[in-house]
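Please read it beside the sequence and the coordinates.

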Amino acid sequence: MPPASLAALLLPLLGGPANLTSVTNCMTRLRVTVRDASAVRREELRALPGVLGVVEDGTAFQVVLGPGRVAKVAPELARYAEGGESAEALESLESLEPTRPLEPLESLEAGSVEPAEPAEPVTAAALASRGAAIRAERKARNATPVKLFLRRIAQVFVPLIPALIGCGIVAGLAGLLTNLHRLPALATALAACASGFMSLIAVFVGYNTAKEFGGTPVLGGAVAAVIVFPGVDRVTAFGERLVPGQGGVLGALAAALLAAHVERRCRRRVPEALDVLVTPTVTVLVAGLVTLYGLMYAAGVVAAAIGHFADRLLTGGGAAAGFVLGGLFLPLVMLGLHQALIPIHTTLIQQQGHTVLLPILAMAGAGQVGAALAVYARLPRNGSVRRTIRSALPAGLLGIGEPLIYGVSLPLGRPFVTACVGGAFGGGFVGLLAQLGDRVGSTAIGPSGWALFPLLQGSHGLGRAAAVYGAGLLVGYAAGFVLTYAFGLSRESLRELNAATGAEPTHTPEGGTPLAGGTALGCVQRQDK
């Protein structure tokens, strides 16, 4: 489906142009903030062809479209939102047949004296309903002040992901040419293109932080720019001369948070006639001086500790550290604590040129893929669940885990656990090789799975790094498959799940291919040609 057509279809399902307050995207997801969450037609949104999944967080919606497509759809949706709802959107929607609503599983009441009826087959729709309930419960539990704050911190870095990816790939090309001793002039130019953004990333972090926390974005960027100003090497703090860039993104984050706080206080107290002069001056002066004489030093200590910890973790811990990180990453996601890793990844990328943690954490997705394949093999008579796995598997291979997690493994229970253990084996393998000297890192954050290959960087060149990472994925796939096949489904579960002897009813949109009545995340998916 063309990006403009998909955007036109998405617009009314998100409540129309008046309901959208922001439209952005990351590597795989369309990120939309709405005014009224009740105006979003969730079931129709999930049933839209081309949509791989929907993640809801209050008034923030993430529509999973996959890499490449999302970058084309986002500007089209923003254009429609600014220009009003297009007639094309309404016409396209009219051509779609209504989707069949999901029906929850029904069970006999306890103590019933009626004769037992044959058990209802467990379909993908039922699993999607269970997944939605689990997701809603997780969302309620994660709505704590600390986790909400971590989520806002993560939003600071999300807009930077495209630049990190682009610069990371360019840096990889420059490194490849340098290692091959080819085209030295071009290699130098590519290195300059890749390094420009990273040298000023503190300014972008400051800009986004102020924007996220209610300040003026350019003031946040101005205060954060103090950190990268070359002249700071003439300033002494705590008996030591400062170094340009000291504190990195952590210092920029803290400086912009302080700037936003100072600005808000000033605007409440300064008369309107003087606000335009006094507030920006006081904000830059107070936050800038505190940054120079406190935040840069403190953030520099923390950033250095993060780098040393990552090095020692893999040098000394190796396989054990990788096993723990690979196995616990998805539970951290479920608890909402994974947001805290984003500034750590970015700090490592700024310090060392790559983050050694991301390839290990990516093994968690490999365990999910292996577990899903095992469920597929163990349920030969459940056409509904098998269709769900087939439709969600491409996204899972590219590191988009929600369809498999909430549509298959988590509702089933045990397969989620065995998938985590499979990811732990993959992480342990990558950690072991890092301990032996074959360290693999990622030059950007965001992608995972197969999409991470172009961003890999290793101690022995790109080819060796790709081989280590690829072998880790295979270990994760294999471990997740074997463990789930052997222990993921009890005999009772197998009888219940294989009770569906026929395929689940389907409907065919006009001009389309047959669609399952319920798939991962409760969505109906079609692979467009």
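Is Ser-442 buried or exposed? At 0% relative accessibility, Ser-442 counts as buried. The cut-offs are under 20% relative accessible area for buried and over 50% for exposed, with partly exposed in between (1.4 Å probe, protein chains only).

1. Basis. This is a predicted model: local features need pLDDT of at least 70, side-chain atom pairs count only at pLDDT 80 or more, and totals for chains, interfaces and linings use all residues. Residues are numbered from 1 along each chain as its sequence is written, and side-chain values use heavy atoms, with hydrogens and water left out.

2. Overall make-up. The chain has 21 helices and ten strands. Both are DSSP runs numbered from the N terminus: helices are H or I with at least four residues, strands are E with at least two. Of the 529 residues, 49% count as buried. The accessible surface comes to about 23,600 Å², and carbon and sulfur atoms hold 64% of that. Areas come from the Shrake-Rupley method with a 1.4 Å probe; for residues, only the protein chains shown count as cover. Take the contacts with a separation of 6 or more: residues 24 or more positions apart account for 73% of them. Contact here means heavy atoms within 4.5 Å.

3. Ser-442. This residue lies in strand 7. A polar atom of the Ser-442 side chain is 2.5 Å from the backbone oxygen of Ala-444. Leaving aside neighbours within four places in sequence, Ser-442 is in contact with Ile-349, His-354, Thr-355, Leu-358, Pro-359, Leu-452 and Leu-455.

4. Arg-29. Strand 2 (residues 29-34) holds Arg-29. The residue is buried, with a relative accessible area of 16%. What does the Arg-29 side chain join in a polar contact? The partner is the side chain of Gln-62, at 2.6 Å. A polar contact is a pair of N or O atoms within 3.5 Å; within protein, one must be able to donate a hydrogen and the other to accept it, and residues adjacent in sequence count only if both atoms are side-chain atoms. With neighbours within four places in sequence left aside, the contacts of Arg-29 include Val-55, Val-63, Val-64 and Glu-402.

5. Salt bridges. How many salt bridges does the structure hold? There are seven. The criterion is a side-chain nitrogen of Lys or Arg within 4 Å of a carboxyl oxygen of Asp or Glu. One of them joins Arg-41 and Glu-44 at 3.0 Å, N to O. Arg-41 is partly exposed at 34% relative accessibility, and Glu-44 is partly exposed at 38%.

6. A salt-bridge network. Glu-263, Arg-267 and Asp-275 are linked in a network of salt bridges. Within it, the side chains of Asp-275 and Arg-267 meet at 2.5 Å, N to O. Asp-275 counts as buried at 18% relative accessibility. Arg-267 counts as partly exposed at 37%.

7. A bridge between distant parts of the chain. Asp-438 forms a salt bridge with Arg-464, with the closest N and O atoms 3.3 Å apart. The pair links distant parts of the chain, 26 residues apart: Asp-438 is in the loop between helix 19 and strand 7 (440-442), and Arg-464 is in helix 20 (residues 462-488). Asp-438 is buried, at 14% relative accessible area, whereas Arg-464 is partly exposed, at 43%.

8. Nonpolar surface patch. Which residues make the nonpolar surface patch of about 500 Å²? They are Phe-323, Val-324, Leu-328, Val-417, Val-421 and Phe-425. Patches are made of residues with over 30% relative accessible area and no salt bridge; like charges are joined within 9 Å, and nonpolar side chains (Val, Leu, Ile, Met, Phe, Trp, Tyr) within 5 Å. Helix 13 (319-335) and helix 19 (414-435) each supply at least two residues of the patch. Val-324 is found in helix 13 and counts as partly exposed at 45% relative accessibility.

9. Cysteines. The structure holds zero disulfides. A disulfide would be a pair of cysteine sulfur atoms within 2.5 Å. For Cys-167, the nearest cysteine sulfur is that of Cys-193, 8.5 Å away. Cys-167 is buried, with a relative accessible area of 14%. Cys-420 also counts as buried, at 9% relative accessibility.
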